[in-house]
Amino acid sequence: MSVPLVYHPSYSFPFPDRHRFPMEKFRLLHERLRDSGVAGAANLHRPGRARPALLSLAHCPEYLDRFLGNRLGEREAKRMGLPWSEDLVRRTCIAPMGTLLTAQLALKHGIACHLAGGTHHAHYDFGSGFCILNDLAITARALRAGGLVERVLIFDCDVHQGDGTAAILAGDPDLFTCSIHCEKNFPTRKSRSDLDVGLPVGLEDDGYLAVVEETLSDLLRQLQPDLVLYDAGVDVYAGDPLGRLAVSLTGLAERERRVLTLCREHGVPVATVIGGGYDDDRPALARRHALVVEAAHQLWRQ
């Protein structure tokens, strides 16, 4: 058996070609992993659709009703950034279940990867920055409510601050939020995570990797979490149009290796989500998102 992976075909659906959000990347990521032999029938898990009770662990029921029923106000819809459709509703309600399933598999096997997820800009009662529901906050609360964990570390390495996750979980001391992001980037108004590490524009591999490794090592030692939810956003890549950092492809691969290795060395299960990445070269973007899964695959084989 290979490393457990979670994916649903509804993650990608027909979408405006000129839109900034690369909706097809989820399909391309799955195809790459399938063609390389990392993803197959034996290790691929398909999530179902989340029920409202699960989503309400982190979101306002009135907001959920407005989104599901296509009753968002014009300003709300613009802030969300994605055109409403039945396909969008379907994928939006499946993806949080995907992250929850990934976390459950990680608790069982030590590591698991979701081929989507990381919608960290979604707040309690509004969507933002292409994020509608916050899969990280939903998963952390669901696991604790089910008695599967006591303490979770959400380790967010997307180039943008995980403002929605931080705001939703601000009153949960055992659900620790850490965001390592480019300081001068979206969102302009940031929330307060339990630990925010703002990075300067243009930071390159050595400086970036040192911060990531030192921060995670300290947190694993201090918190001793039952699970790490790792947002492996690849928009830190030097060529990402929404990034503003200067991490190379080699640096990205090394980040994934170091993060997953540290979790293994501390005996902490880790569930990965892919986070942000916005390259117009969609196959190249899928290759970057594949790095965290490939690193997990290598660790699993060892």
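Contact here means heavy atoms within 4.5 Å, and helices (H or I, at least four residues) and strands (E, at least two) are DSSP runs, numbered from the N terminus.

## Basis of the model

This is a predicted model, in which local features need pLDDT of at least 70 and side-chain atom pairs count only at pLDDT 80 or more, while totals for chains, interfaces and linings use all residues. Residues are numbered from 1 along each chain as its sequence is written, and side-chain values use heavy atoms, with hydrogens and water left out.

## Packing of α5 against α6

In α5, Pro96, Thr99, Leu100, Ala103, Gln104 and Leu107 meet Asp135, Ile138, Thr139, Ala142 and Leu143 of α6. By class, this contact of α5 with α6 has seven nonpolar, three polar and one charged residues, where Ala, Val, Leu, Ile, Met, Phe, Trp, Tyr, Cys and Pro count as nonpolar, Asp, Glu, Lys and Arg as charged, and the others, Gly among them, as polar.

The axes of α5 and α6 (residues 135-145) come within 9 Å and cross at roughly 50 degrees, the axes being lines fitted to C-alpha atoms, for helices over the stretch in contact, with angles running from 0 to 180 degrees between N-to-C directions. The two helices α5 and α6 are therefore oblique to each other (angles under 35 degrees count as roughly parallel, over 145 as roughly antiparallel, 65 to 115 as roughly perpendicular and the rest as oblique). α5 passes α6 in a right-handed crossing, a term used if the near helix is turned clockwise from the far one by less than a right angle.

## The largest cavity

Two cavities of 30 Å³ or more are found in a search of the whole structure; a cavity is a set of points, on a 1 Å grid over the protein atoms alone, where a 1.4 Å probe fits but cannot get out, and lining residues have an atom within 4 Å of a point. The largest cavity holds about 270 Å³ of space, a volume being the space filled by probe spheres set on the points.

Its lining has 23 residues, of which Phe21, Arg91, Thr119, Phe130 and Cys131 are the closest to the centre. Both α1 (25-35) and α5 (86-109) supply at least two lining residues, and α5 gives the most, with four. Eleven nonpolar, eight polar and four charged residues make up this lining.

## The second largest cavity

The second largest cavity contains about 40 Å³ of space, and among its lining residues are Ile154, Asp156, Thr177, Cys178 and Ser179. Two or more lining residues come from each of β4 (152-156), α7 (163-168) and β5 (175-182), with β5 giving the largest share, three residues.

Notes
1 Å grid on protein atoms, 1.4 Å probe; cavity = no way out; pocket = protein on both sides within 12 Å on 5 of 7 lines; lining within 4 Å.
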